[in-house]
Amino acid sequence: MQLIHTLDIYTIVELIGTPKEHAMTDLDHVSLDPIDIADELTVAINELSEFHSSSEKVITVESTKLVGLADIEYPYTCYRVPGQAENACKLTSPSDLPSQIRDIYKIDSGLNNLYAQKNTLLIGVQACVWSRYGKSGVATVSGMSAMKFNTTRPSTPTSQHNKGRAFDVKLQGRMMSNGSSYDQLACAYLCMYCVEAGATRLIFSDNAVVDAVNKATGKSVCIALAGHKNHIHLDNR
Ligand SMILES: [Zn+2]
């Protein structure tokens, strides 16, 4: 066993011979008829023109000024999705941001649904910017929508995640779900930044934080609901 493991590929070929000559010869003679190739190309060309006419997933590259980023504009990409009125705008990967603002947010590992309607995206990112340069530090984006919004959470059809109007954030390791590491004040700041950025509803499981943010902002948009100990959910309806 040991010996066989240490044999290199040339030795193995020597030992078992080279019965591939026949196969090689076959391969050499495999050549498609030009007419067959042309047929395949014609199909592909037709697909190209279909793609054109359906205007699927037309991409627009945009950039927007956000409060707190001075002259650096936040770049992002929006996609037109067939059968969906609103474009799906994608949260830009930090590595694709201008180097000076690569730390304005983190994206939760494993989060693939990175789309929202444009205004919702910009409200969420603005809240992250305020958190980063404000009192709660770098926030982690933990939930958005699929490119085709209504496929995001089929089991909860009324969720704004199914409309591209929801954005979830958290402070890694500092949420209620992190037990004694819960940073209640930082979460209150982050909730406040979300409200001030334009959230029309905000859900978090801590009654004290919800009451305080409603009081301080004078906007009664925060509500306490179960299931939101590990993230803060914002709606933009
Ligand atoms: Zn949510």
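Start with K106, which stands opposite T140 in β6. Before going on, this is a predicted model, where local features need pLDDT of at least 70, side-chain atom pairs count only at pLDDT 80 or more, and totals for chains, interfaces and linings use all residues. Residues are numbered from 1 along each chain as its sequence is written. Helices (H or I, at least four residues) and strands (E, at least two) are DSSP runs, numbered from the N terminus.

Strand β6 covers residues 139-143, and three bridges join β4 to β6, the two running parallel. Two strands count as paired if DSSP finds at least two bridges between them. Strands of a sheet pair through backbone hydrogen bonds, either parallel or antiparallel. Here six strands form an open sheet with mixed pairing, in the order β4-β6-β7-β10-β8-β9. β4 (105-107) and β9 (222-223) stand at the edges with a single partner strand each, so one side of each has no neighbour in the sheet.

Now the helices. Which strands does α5 lie across? They are β4, β6, β7 (166-170) and β10 (232-235), and α5 runs at about 20 degrees to β7. Helix α6 (residues 184-197) also packs on the sheet, touching β6, β7, β8 (201-203), β9 and β10, and its direction makes about 10 degrees with that of β10. For these angles, axes are lines fitted to C-alpha atoms, for helices over the stretch in contact, and angles run from 0 to 180 degrees between N-to-C directions. Contact means that the C-beta atoms of two residues, placed from the backbone, lie within 7 Å.

α5 is mostly covered, with twelve of its 16 residues buried. Among them are L121, L122, I123 and W130. Buried means 20 or more other C-beta atoms within 10 Å of a residue's own, exposed means 12 or fewer, and partly exposed is in between, with C-beta atoms placed from the backbone.

Next, S159, in the loop between β6 and β7. S159 counts as partly exposed because it has 17 C-beta neighbours inside 10 Å. Leaving aside neighbours within four places in sequence, S159 is in contact with R153 and A166. S159 and D235 are 76 residues apart in sequence, yet 9.3 Å apart in space, C-alpha to C-alpha.

Last, A70, in the loop between β1 (59-64) and β2 (74-79). Most residues other than glycine have a negative phi. A70 is not a glycine, but its phi is positive, about 50 degrees. A70 is exposed, with 10 other C-beta atoms within 10 Å.
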